[in-house]
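Subject: Structure handover

Hello,

Here is the structure I promised to pass on. Please open it alongside this note, and I will walk you through what turned up.

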Amino acid sequence: MTHANTLVLPVSKHTSGAIQYLTSIKQRTPLTLDIGAECSLARSKRCDECLSPPRPGCNNNTCTLMPLNPVIGSEGNFEEVGQDVISLHSTDGFKRKFAVCLPSSRRSYGVVFFGDGPYNLLPSIDVSKSLIYTPLIINPVTTGANYEEGEPSSEYFINVTSIKINGKVLSGFNTSLLTIDKDGYGGTKISSVNPYTVMETSIYNAFVNLFTKELSGVPRVTPVEPFGVCFNSTNLGSTRVGLPVPNIDLVLQSESVYWRIFGANSMVQVNQDVLCLGFVDNGQSPSNPRTNIVIRAHQIENNLLQFDLASSRLGFSSSLLFRQTTCANFNFTSVA
């Protein structure tokens, strides 16, 4: 579907085997939506002519890619939307900009916009007018499974400088882990191919300790894998933005710029009475993991993210529930 100078595609959530987000173009075979798909930015055996200088995202033409299938753990010939399709911005006249709004339910559709706003959601809310912006940064070393030696990463990294829970700064870990070093280790990236945000062990332990301290009035229960901490949710109640749990702030380039994560995105209801913190321990630095924080799909559902590749910046809305709308509130009939 097209609207003005924007291509609009529906996004559906699938949970068979592993959570995936799928889209399709003109009713063709569904494509896996992976915001963090790798594609070379420099000349490469895998790209015909990627001539633009290094920056986040494939941004000059279409590259041939054998992506790693996250479900079966092997390479395959399926296409990955996100950075493969982002080449449409230069070849088909779209601005080099796209926005993703993932649904939280299998019963509704989210939306991907290729091009600039407005990003209108019911009831008459243009989300593009209230985005907060932070730079997209380059990791000098690729973190993907498909790469040429010496090429930078084309994944989407942001500069998280600190983390706050209920306004309290997370401590008790080496804060240099939040920075990408010269060998490409560290930092924070965004990916939609797996469900839950992962953190390096020392960051995760500090994170869990402070979160549980701030939620000390709620009884803990035996954790349910893959989560490290779970709670009895019987008497928690609810709010417009999910369960009433401590807010999590990813502080970016300044204290006044932060991505706030509310209960709807921080917690996972695993059964009627058990609620788990939806973040997972990803191992000890430096050998594992390579990226110390990966913001994943559950944390970005019902958030609108705009990737402006021309300006190398990310625009984000935080939870749309706070504005009394969701990613399922795009009216596809208005662009038919």
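Let me start with the cysteines. C101 and C327 form a disulfide, with their sulfur atoms 2.0 Å apart; a disulfide here is a pair of cysteine sulfur atoms within 2.5 Å. C101 lies in strand β8 (residues 97-101) and C327 in the segment after β27 (313-319), so this bond ties together parts that are 226 residues apart in sequence. The torsion about the S-S bond of C101 and C327 is about -80°, so the disulfide is left-handed. Both C101 and C327 are buried, where buried means under 20% relative accessible area, exposed means over 50%, and partly exposed is in between (1.4 Å probe, protein chains only).

Before going on, a word on where this comes from: it is a predicted model, in which local features need pLDDT of at least 70 and side-chain atom pairs count only at pLDDT 80 or more, while totals for chains, interfaces and linings use all residues. Residues are numbered from 1 along each chain as its sequence is written, and side-chain values use heavy atoms, with hydrogens and water left out.

By the sulfur cut-off, the count comes to two disulfides. The other pair is C230 and C276, whose sulfur atoms are also 2.0 Å apart. C230 lies in strand β19 (residues 230-232) and C276 in strand β23 (residues 274-277), so the pair ties together parts that are 46 residues apart in sequence. Here the S-S torsion is about 95°, so the disulfide is right-handed. C230 is buried at a relative accessible area of 0%, and C276 counts as buried at 0% as well. With bonded cysteines counted along the chain, the pattern is 1-4, 2-3.

Next, a sheet. Four strands form an open sheet in the order β15-β14-β20-β21, with antiparallel pairing. Strands are DSSP runs of E with at least two residues, helices are runs of H or I with at least four, and both are numbered from the N terminus; two strands pair if DSSP finds at least two bridges between them. The edge strands are β15 (168-169) and β21 (258-261), each pairing on one side only. β14 (residues 162-165) and β15 are joined by two bridges, and K164 has V169 in β15 as its bridge partner. Helix α2 (residues 201-214) lies across β14, β15 and β20 (248-251), running at about 20° to β14. For that angle, axes are lines fitted to C-alpha atoms, for helices over the stretch in contact (heavy atoms within 4.5 Å), and angles run from 0 to 180 degrees between N-to-C directions.

Strand β2 (residues 6-14) is mostly covered, with seven of its nine residues buried. Five bridges join β2 to strand β9 (residues 110-114) in the antiparallel sense, and V8 stands opposite F113 in β9. β2 also pairs antiparallel with strand β3 (residues 20-23) over three bridges, where K13 has Y21 as its bridge partner.

Lastly, which residues line the largest cavity? They are T197, M199, L250, I261, F279, I293, I295 and Q299 (lining residues have an atom within 4 Å of a point, and a cavity is a set of points on a 1 Å grid over the protein atoms alone where a 1.4 Å probe fits but cannot get out). β17 (197-199) and β25 (293-295) each supply at least two residues of this lining.

Best wishes

Terms used: On a 1 Å grid over the protein atoms alone, a cavity is a set of points where a 1.4 Å probe fits but cannot get out, and a pocket is an open set with protein on both sides within 12 Å along at least five of seven lines; lining residues have an atom within 4 Å of a point.
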